[in-house]
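Have the model open beside you as you read.

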Amino acid sequence: MPASAPKPGAVERMLSLKRIPFLSGLSAEDLAVVAEFGRERFFSKGSALLREGEPIPALYVVLDGRVHVARRGHLLGHVTSGGFVGGVAMFARDPHGLAAKAETDTLALELEADAALEIFEDHFPILHHVLRESCRWLIDLVGGLPSHLYPEVFPEQEVPRAPAGDLDLVERILFLRQVSPFTQSSINALAELSRGMTEAAFPPGTRLWEEGEESGTVLLVVTGTVSCTARGGEAAFIAGPGTPMGAVESMADRPRWHGATTQTKVTALQGSIEGFIDVAEDNFDMAMDYLAEMARTQIRILELRDSAAGQAMERLYGCEEAPDDPD
């Protein structure tokens with residue numbers, strides 16, 4: 001493809017963006033916003049789009065050509081027209097980044113990281129869409145995970161300190177500040193979130209929900225433990241204090257992906273996902289911290305997988321199947 005090849009117009013940009021899994025469900029108005037911030041970049045064969053070991057400076061949509069993508073020395077695959085490079089690593093604030101090199105002369109739509117953040121901050125429907133799609137991808141990744149790896153994906157966390165008895169507003173805020181992804185959230189944001197939650201207690205053996213039930217409610221465990229099973233009981237893990245149970249599938253607008261039964265007496269802060277979304281809309285940093293947490297979990301799952309890891313990462317980053325010979 002010669003360097004003088006005509007650049008696509010605004011309509012062509014929007015059509016290319018619509019093919020990206022993260023963005024395909026956006027309205028034409030929102031796609032136009034993203035297209036407005038993008039700019040076409042030509043990369044000659046062998047030149048780098050992204051360098052491993054550096055934070056992601058920009059996201060790329062390949063419009064024409066072919067890009068080689070690798071991470072930690074592992075070939076992820078090749079991105080061709082309509083493919084998306086750099087998103088998850090940027091959302092995760094991953095300092096390791098990705099290596100992306102043009103295998104052929106390549107034309108790509110570049111969206112600088114700062115521009116992406118500006119879009120998210122000024123257009124919450126776009127950020128909300130990305131949050132929802134990120135949670136959907138996370139559920140899909142978990143669904144393909146070998147059952148023996150579940151305890152590693154959902155390890156027991158350091159138990160947050162919780163006062164005995166009912167939690168007042170201040171105690172709820174202090175508890176939330178110990179829970180990822182709220183450790184950096186403002187006091188005002190946590191106060192707003194706390195006011196929309198109620199404290200609930202469940203005796204041992206209470207079935208909180210069944211796999212496949214409708215979601216929408218979130219339970220943030222304060223004390224006690226919950227036994228969780230997925231795939232009809234094939235996979236299991238334990239949720240303890242600090243676990244925001246039900247949040248991922250509720251944000252994804254998906255059914256419950258696991259069942260949940262209390263092992264011990266459990267106290268929890270209970271709220272709706274709509275309440276969290278409302279708070280996130282008014283508190284950009286909180287919303288981005290949540291997105292970063294989802295993206296980091298995706299990367300952690302992919303790195304845990306052995307023979308299936310390459311295929312999973314290819315799908316996540318929009319790559320074609322990698323050849324057997326990495327050269």
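Ala, Val, Leu, Ile, Met, Phe, Trp, Tyr, Cys and Pro count here as nonpolar, Asp, Glu, Lys and Arg as charged, and the others, Gly among them, as polar. This is a predicted model, where local features need pLDDT of at least 70 and side-chain atom pairs pLDDT 80 or more, while totals for chains, interfaces and linings use all residues. Residues are numbered from 1 along each chain as its sequence is written, and side-chain values use heavy atoms, leaving out hydrogens and water.

Start with the largest cavity. On a 1 Å grid over the protein atoms alone, a cavity is a set of points where a 1.4 Å probe fits but cannot get out, a pocket is an open set with protein on both sides within 12 Å along at least five of seven lines, and lining residues have an atom within 4 Å of a point. The lining of the largest cavity splits into 17 nonpolar residues, one polar and one charged. Leu23, Val34, Leu59, Phe84 and Leu111 lie nearest its centre.

Now for the largest pocket. Its lining takes in 47 residues, with Gln157, Gly242, Thr243, Pro244 and Met245 nearest the centre. By class, that makes 29 nonpolar, 13 polar and five charged residues.

Met245 turns up again in contact (heavy atoms within 4.5 Å) with Val226. Leaving aside neighbours within four places in sequence, Val226 also touches others, including Leu208, Phe237 and Val266.
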